[in-house]
Amino acid sequence: MPAPSRQTGALSHVRVLDLSRVLAGPWCTQNLADMGADVIKIEKPGEGDDTRRWGPPYLSGDDGPSSQASYFAACNRNKRSVTVDMATAEGQRLIRELASQSDVVIENFKTGGMARYGLDYETLSALNPRLIYCSITGFGQTGPYAARPGYDLLMQAMSGLMSVTGHADGDPGAGPMRVGVAVIDVFTGMYATTAILGALEARHHTGRGQSLDIALLDVAMAVLANQGAGYLNSGSVPRRQGNAHPSVVPYQDFPTQDGRMLLAIGNDGQFARFCEVAGTDWARDERYRTNSARVTHRETLIPMMSEITRARTTATWIDVLEANAVPCGPINDIGQAFADEHVRHRGLAVEQHRYREGERPAHDPVDRIRTAASPLRFSDTPTQLRHAPPALGQHTDEVLRECLNLGEAEIAALREQGVL
């Protein structure tokens, strides 16, 4: 169990051994870490997580951009980085010892990959029967594709998500399009978080851990949500509609005098209020009065709406529509989104120092790192900012001393052997 924390988070009593890399696994463990779990991230000596090198863009250092990619910072806050070469017998021994003192192990190697290191569920659960072991793979532990590697883009394509993303057939630029964020990796990290929390709760009653099989393709199929349900229950294959919604109208972007805005009109009352602001009688027209009718007649309604929205600026529309409780908003770029007054008020960008004052080593130019804040808001056990996204191996000595009671000479010997 982790040493008592100076702060109390919802998971301050939980230790997580993180053997994952890139995005899905680290996204999960960052969630757990934000909630107070002691997350020990194991990385390969001299290399570390692949995303440390996935740049540009790079973290800012003393003299401008460093050689450290900002991608890593997106999903590795609040963790302690320990370098261990799991390809060595001594490295495997250290990881097994850490696993025996952990509540959760998470890994995202290919199916069966951990068995070659003696770090699979069967081996580790024999040492620690209370261990929750979460495996994240592309296609799961079973099935004809189980041995294949998995990537977010591949899952977006195979699941059908790309087939409903992008401009509609016949429009300029039509064709399947990936989402601009690796959403399947992120969703997988969230589902893995949920599964781990469920397994921890189950352990309260059974006293036993268990293995969790989380697959990117499974998640991709699940998050098709209403599009998937529509196909399964009607047999109709959804098609790309650009920014339009298949079941709600008007729910898309519209042109304005100086750009574009987003309308998200989800019920008939909102539509009636829009019509009142716009000075039209569409809300009394049977073709448009109800959402079902508007979906049927969208081909005539949307062009008429577009002609009206072009008459005012985006800001003018937003002011008047918000005053009448009609959901709308600007289409921001990411810089504009972080500059938004409400985003700033909610504190959705946070800054941390990687090192305590006076402790930064000369070889590391990076100290201050900014990340997007956790959206989890607890009244009694708030999320914590304990560690900035760590430098490679920043906490190796600390963790080995604290968790395994290794002395300086033993640690030095392991480093000399190339294990650390």
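Here is a short walk through this predicted model, one selection at a time.

**Stop 1: confidence.** Colour the chain by pLDDT to begin. The mean is 96, and 98% of the residues reach 70 or more. Now select residues 1-5, where the pLDDT is below 50. Beyond near neighbours in sequence, this stretch has 12 contacts in the model. Where pLDDT is low, the predicted coordinates should not be read in detail.

**Stop 2: the domains.** Domain 1 takes in residues 15-224 together with 345-417, while domain 2 covers 260-330. How far apart do the C-alpha centres of domain 1 and domain 2 lie? The distance is 44 Å.

**Stop 3: the sheet.** Show the strands as a cartoon and look for an open sheet of six, in the order β5-β2-β1-β6-β7-β8, with parallel pairing. Pick out β5 (79-83) and β8 (211-215): these stand at the edges with a single partner strand each, so one side of each has no neighbour in the sheet. On average, neighbouring strands here are turned by 20° against each other, direction ignored.

**Stop 4: a strand pair.** Select β1 (residues 15-18) and β2 (residues 38-43). The two run parallel and are joined by four bridges.

Technical notes: Residues are numbered from 1 along each chain as its sequence is written. This is a predicted model: local features need pLDDT of at least 70, side-chain atom pairs count only at pLDDT 80 or more; totals for chains, interfaces and linings use all residues. Side-chain values use heavy atoms; hydrogens and water are left out. Two strands pair if DSSP finds at least two bridges between them. Axes are lines fitted to C-alpha atoms, for helices over the stretch in contact, and angles run from 0 to 180 degrees between N-to-C directions. Domain bounds come from an automatic or database domain assignment. pLDDT is the predictor's confidence in each residue, from 0 to 100. Contact means heavy atoms within 4.5 Å.
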